[in-house]
Structure formats: structure tokens, C-alpha cells
Amino acid sequence: MTARRELTLKMASDSPLLNKDFVFGAATAAFQIEGAWDRDGRVPCIWDTFCAEPGRVANGDNGYEACDSYTRWEEDLALVQELGLDAYRFSIAWPRVITDIHGTVNQKAMDHYRKQLNFLNERGIKPFVTLYHWDLPQYLQDRGGWLNRETTYAFAHYADVVSRAFGDQVVSYATLNEPWCSAFLSYLHGIHAPGMQDRKQAYQAAHHLLLAHGLAVPKIRANAPLADVGIVLNISPSDPQQETLADRNACVLADQENRDFFLQPLLEGSYPEPVLNRHPTCSPMVLPGDLELVAAELDFIGLNYYTRNRVAAADNEAGYEALVYAGDDATAMGWEIYPEGLTHTLQHLASLPRCPALYVTENGMAADDELCSGAVDDEIRVAYFQSHLQAAEAAIAAGVDLRGYFAWSLLDNFEWAEGYNKRFGIVYVDYATQQRTPKASARALGELMAQRRQLERVKQESQ
Ligand code: FCB
């Protein structure tokens, strides 16, 4: 008989993660949970279009219904409250808020998000808002999407509208979620909407995304002087497939292209020369003054961390390839579980000049969860959180200014090109009935929050 792994998260009582100022939360994104794709004036976005193209998304899944959270939002936010979390990270749907090329504001959508923000603030749950989690309005895509500079101005307008209306009711604004995905996964690898495969387009999309961020930052700051403003990046560190010079050099290439192409403009106002030199015909069109905007001061960088990449030298355009993980302990996404990479990535970020405060804005894993007699015993996910929380602790011990940690995701949801196959939630969603069932991992996080409150009480009594 194999021993049953304990379904609790254990942190030492003096852990910096149990400090009351460390922010614990759960995260979601509009397209992945909301459904209600045509309700209250929402217009189509690039993911609606992409889902409708045969072969793009597993099972032909789409976001029409998703978790129906646009309707069930109160139930979902109540779950966040029940778990005792400090914060909820969610995204606002651009195609709900600005419904045409003229920048028309949809009041119904604004009212909807205002209700959510009120609910959270009334209960002391900090709203962490992402403005762009990949749902570009289709009317912008029809004019070239992120390849068209006009999209950056449209984003700045949208950011202005949202931050003007909600101001400091939002504790933290992230402009973009994972611009690497919106640029490279979408325009180079063809896996995300709009599904292109063209390096020059990918670099141009990346620049426009970063410019959109840079144009939005001063607007948000003016409208919400007390709120934090930042950006969320996904970074999977590269490790050589074999300890050869060729594979180590391949890792350098991979990190320059996938990590530094986004970090360096944000922190230093320039693109990595080695990447531009390697692909001289792919340099993005950058106008004078753009990079100063891109390098606007940030209050935080959010790191979305899931795994590392094993990289080998390759005789291709990029000069490297990322290999599929071959171990039999991969997550349901096929990703290696590698918590040390979280510590290293946080340390790397913290070592960079002008690096602001850091948050882990997403961390979690997909598993083949099953609902048995009304319960989901996702031991493997509890173990994943345990090891990654320890990795976060190690980064703090090494001097990293890490302020918070968000589990991805509050709910099982639409996992992009993988459709509903991959379950990342701490709460199980039965898509046929839309019934929510907190998994063991949700309970473990809830207990950790209770432990923290108890420690706080003891501390206060002894003062
Ligand atoms: C990240 C995305 C998020 C989710 C997780 C698994 O790249 O930000 O929406 O899909 O991966």
C-alpha cells in the first residue's frame, strides 16, 4: 500500500509567506471563465474567431459558455472569500467594454465590473486587475491587430476608460498578461489566436504590445494615483539538454529571445542586440520616443511560472529548440515540475537594474482531476503548491522583494488551445451543470490562510 500524501500545506510559523502583508490570491481571466459571449453588448474577440476555425482548439471547444462566470460571478467571488484569500486577480474583457473602432464605451459592461469590484472591496479582498488577457476585439484584428500601431492607441484609450471609472478601487493594474504569448505564441508558433507563423510579425506584435503598455501606464497613474501599475510576464528558464557548450549557448539564445526581448525594453529601454542581429530582416518598426514610453517606471512585475525549458542547439532559424519533457512525472500539460526554477527566475529578475517589486501572479498545474463522491483529491496539486511556495520562500530568504503569490486558477476553465481538457483549478467545474466543487488544494490553501490568521491573533495578543 502506498502512503497517502498529506493534503495540507505546511509553512513554518516564522515563514515570510505567513506575514500578514504577503498577498495570497487566486487568478482567472475573462475569456477563460466568463462565457456570455454576446451578452450585454459584448462584441467578438480574436479567440471567438480562432475557436471557430477547425483544428485550432482541442475538441473544437470555445468560450461561448466557459464557466458562465459572467452570470455566476457572485458565487465565484464568494469562493475567494470563503478560502480567506487576500486578493483576486481577474481580467476585464476589452470586447465588452469598448465595442467599436470609435472607442464607444459600453456602460452595461462597466456596471458589471463595478459590481464585482464593490463586492470584493466590501469584503476586504484586493482586486488585482489585468487589462489585456488576450481577448483582442475582432474589429481591431480586422485592421491588423497587434501588427497595426493604431491598436496601441486603442489600448491606451481602453486603459484610460477603465482606470478613470474604477480608479483606486483597483489595488493593482497589470496592463498586459504575458506579451510573449500574444506576440510569439500567436504570431511565430501559430498556437494562439490569430495563429500566424512569421518571425517578423511576431517581433512587430511584441513591440506594439510593449508600446501599448507604455502608453497605458501614465494614463492609469493619472487616474488611479494610489494603485500599483505593472505588467505580467511568463518566464520559463532554459536549462541545457546536455552539458555541452552548444546546448549552453542555445540556452543563451532562447533566454535572449523569449525573456530578454520583453524584459530589456521594459527595464532598459532597448531590445537585445544579439536577437536583432541574428534576425536582421525581422527588426520591428520602432519610432523615436517609443522605447522611453515602454521603459516607464513600474511598481511591480508579475511572474507567471509553471516550468522550465530543456533547450538544445538546433540547425534552424532560431539556433535552438525547446524539447518536450520526457519524464513520466509531467503535469497533464506535459510540463516538468521544477520548483527550483521559480527561485532562480525570481532571483534573476531581482538582480536586474530597475527591477520593481515582484509578485508570482500565476503558478499551478493541470491534472487529470476526477470528481468522486463529491470530492476531488488533487494530492499532486497540493504537493505542487507546497514545493513552489517553498521555492518562493527561498527567493525571499535570498533577498528578493516578493510581495505575493496567486494560484492559477480559481476555477477549472477554458485552457486556450487545449480547450476544456486541462484542469488547472483549485475548484472543480462540472461543465454540464456548472457546479463548483472546491478541490483538496482549495481546502489546503484555505487552511493555510486560517493558520495565518491564527498566528496574527497570537502575535497581537502577545503585544
Ligand atoms: C498562462 C496563462 C493563463 C493560463 C495558464 C495555464 O500562460 O496566462 O491564462 O492559461 O497559462
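User: Which residues surround the ligand?
Analyst: This is a predicted model in which local features need pLDDT of at least 70 and side-chain atom pairs count only at pLDDT 80 or more, while totals for chains, interfaces and linings use all residues. Residues are numbered from 1 along each chain as its sequence is written, and side-chain values use heavy atoms, with hydrogens and water left out. Taking a residue as near when one of its heavy atoms lies within 4 Å of the molecule, the ligand is surrounded by Q32, H133, W134, N177, E178, N304, Y306, E362, W408, E415, W416 and F424.

User: How do the residues of that shell around the ligand divide into nonpolar, polar and charged?
Analyst: Ala, Val, Leu, Ile, Met, Phe, Trp, Tyr, Cys and Pro count as nonpolar, Asp, Glu, Lys and Arg as charged, and the others, Gly among them, as polar. Sorted this way, the shell around the ligand has 5 nonpolar, 4 polar and 3 charged residues.

User: How many Å separate an oxygen atom of the ligand from an N or O atom in the side chain of N177?
Analyst: Polar contacts here are pairs of N or O atoms within 3.5 Å (within protein, one must be able to donate a hydrogen and the other to accept it, and residues adjacent in sequence count only if both atoms are side-chain atoms). The side chain of Q32 has an N or O atom 2.8 Å from a ligand oxygen, and the side chain of H133 has one at 2.8 Å from a ligand oxygen. For N177, the distance is 2.9 Å.

User: And how much of the accessible area that the ligand has on its own does the protein cover?
Analyst: Accessible areas come from the Shrake-Rupley method with a 1.4 Å probe, and for residues only the protein chains shown count as cover. Of the 300 Å² that the ligand has on its own, the protein covers 94%.

User: Where does the ligand sit?
Analyst: On a 1 Å grid over the protein atoms alone, a pocket is an open set with protein on both sides within 12 Å along at least five of seven lines, a cavity is a set of points where a 1.4 Å probe fits but cannot get out, and lining residues have an atom within 4 Å of a point. A molecule sits in one if more than half of its atoms lie within 2 Å of its grid points. By that test, the ligand sits in the largest pocket.

User: Which element gives the largest share of the lining of the largest pocket?
Analyst: The largest pocket has 49 lining residues, with W180, L185, S236, N309 and W335 nearest its centre. The largest share, 5 residues, comes from α10.

User: Which element gives the largest share of the lining of the largest cavity?
Analyst: Of the 15 residues lining the largest cavity, I33, S69, Y88, F90 and Q116 lie nearest its centre. Two or more lining residues come from each of α1 (30–33), α3 (69–82), β2 (87–91) and α5 (107–122). The largest share, 5 residues, is that of α3.

User: Where is the place of P194?
Analyst: A cis peptide bond runs from A193 to P194, with omega near 10 degrees. As for its place, P194 is in the loop between α8 and α9 (199–223).

User: Which residue does a cis peptide bond join to W408?
Analyst: W408 is also one of the residues surrounding the ligand. With omega about 10 degrees, the bond joins W408 to S409.

Note on methods:
Helices (H or I, at least four residues) and strands (E, at least two) are DSSP runs, numbered from the N terminus.
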